[in-house]
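User: Could you walk me through some side-chain details of this protein? I would like to take it one question at a time.

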Amino acid sequence: MKKIAALFVNLCLAFVMVVTLTACGSKEFKDIQEYIDAQKDQIDAAIKQQEGLGMTMEVKADGDTLVYRYVYATEMPINDETTAYFDGKLEETKSQFEAVIDEMKELIDVENPKVKLLYENPDGSVVYEHTYE
């Protein structure tokens, strides 16, 4: 579980730092995909820096939601212990994701943006997911 912890916190924070822009006071982007596209080079660089940590990463738009998708290289257990562990780590990253949501409200023409964390096994089964609103 400690390996999951290190990956969870480090990867979340790495992407939060990448996917933030300085607000200029007006809606600069029509949707979340445009917001992501504007930062493609930084996102790609962050993904490359995280190679070899036992998972792949993706940042994508799903309607009004910015999705941080992590896919483990090896299968992780899907059980109550894993869920409880991830739930316990949410407080450590909550303020960073709330800051991203606040920024999206300022920069993107989206009424109620959200941030979703999605952790999957190689077969696509969901290990854990949480949405910040």
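User: Glad to start! What kind of model is this, and what pLDDT do side-chain atom pairs need?

Analyst: This is a predicted model, in which residues are numbered from 1 along each chain as its sequence is written. Side-chain values use heavy atoms, without hydrogens and water, while totals for chains, interfaces and linings use all residues, local features need pLDDT of at least 70, and side-chain atom pairs count only at pLDDT 80 or more.

User: Is Tyr132 buried or exposed?

Analyst: Tyr132 is found in strand 4 (residues 126–132), where strands are DSSP runs of E with at least two residues and helices are runs of H or I with at least four, both numbered from the N terminus. Buried means under 20% relative accessible area, exposed over 50% and partly exposed in between, using a 1.4 Å probe and protein chains only. Because its relative accessibility is 6%, Tyr132 counts as buried.

User: Which side chain joins that of Tyr132 in a polar contact of 3.1 Å?

Analyst: Contact here means heavy atoms within 4.5 Å, and, not counting residues up to four places away in sequence, Tyr132 touches several residues, including Leu90, Phe97 and Val115. A polar contact is a pair of N or O atoms within 3.5 Å; within protein, one must be able to donate a hydrogen and the other to accept it, and residues adjacent in sequence count only if both atoms are side-chain atoms. The side chain of Tyr132 reaches the backbone oxygen of Leu90 at 3.3 Å. The side-chain partner at 3.1 Å is Thr93.

User: What is the angle between the planes of Phe29 and Tyr35?

Analyst: Rings of Phe, Tyr and Trp (its six-membered ring) pair if their centres lie within 6.5 Å; planes under 30 degrees apart count as stacked, over 60 as edge-to-face and the rest as tilted. The structure holds eight aromatic pairs. One of them joins Phe29 and Tyr35, edge-to-face at 5.7 Å centre to centre, and the angle between the planes is 75°.

User: Are Tyr85 and Phe86 buried or exposed?

Analyst: Tyr85 and Phe86 form an edge-to-face aromatic pair, with 6.2 Å centre to centre and 80° between the planes. Ring pairs also link both into a cluster with Tyr70, Tyr72, Tyr119 and Tyr128. As for accessibility, Tyr85 and Phe86 are both buried.

User: How many salt bridges does the count come to?

Analyst: A salt bridge is a side-chain nitrogen of Lys or Arg within 4 Å of a carboxyl oxygen of Asp or Glu. Asp44 and Lys40 meet this way at 2.6 Å, N to O, and they are separated by about one helical turn because they are four residues apart in helix 3 (residues 40–49). By this rule, the count of salt bridges is seven.

User: Why does the pair of Arg69 and Glu120 tie together parts that are 51 residues apart in sequence?

Analyst: The closest N and O atoms of the salt bridge between Arg69 and Glu120 are 2.8 Å apart. Arg69 counts as partly exposed at 23% relative accessibility, whereas Glu120 counts as buried at 10%. The pair ties those parts together because Arg69 lies in strand 2 (residues 65–72) and Glu120 in strand 3 (residues 114–120).

User: Which helix holds both Lys94 and Glu98?

Analyst: The side chains of Lys94 and Glu98 meet in a salt bridge of 3.9 Å, N to O. Lys94 is partly exposed, with a relative accessible area of 34%, and Glu98 counts as partly exposed at 34% relative accessibility. They lie four residues apart, about one turn, in helix 4 (residues 80–107).
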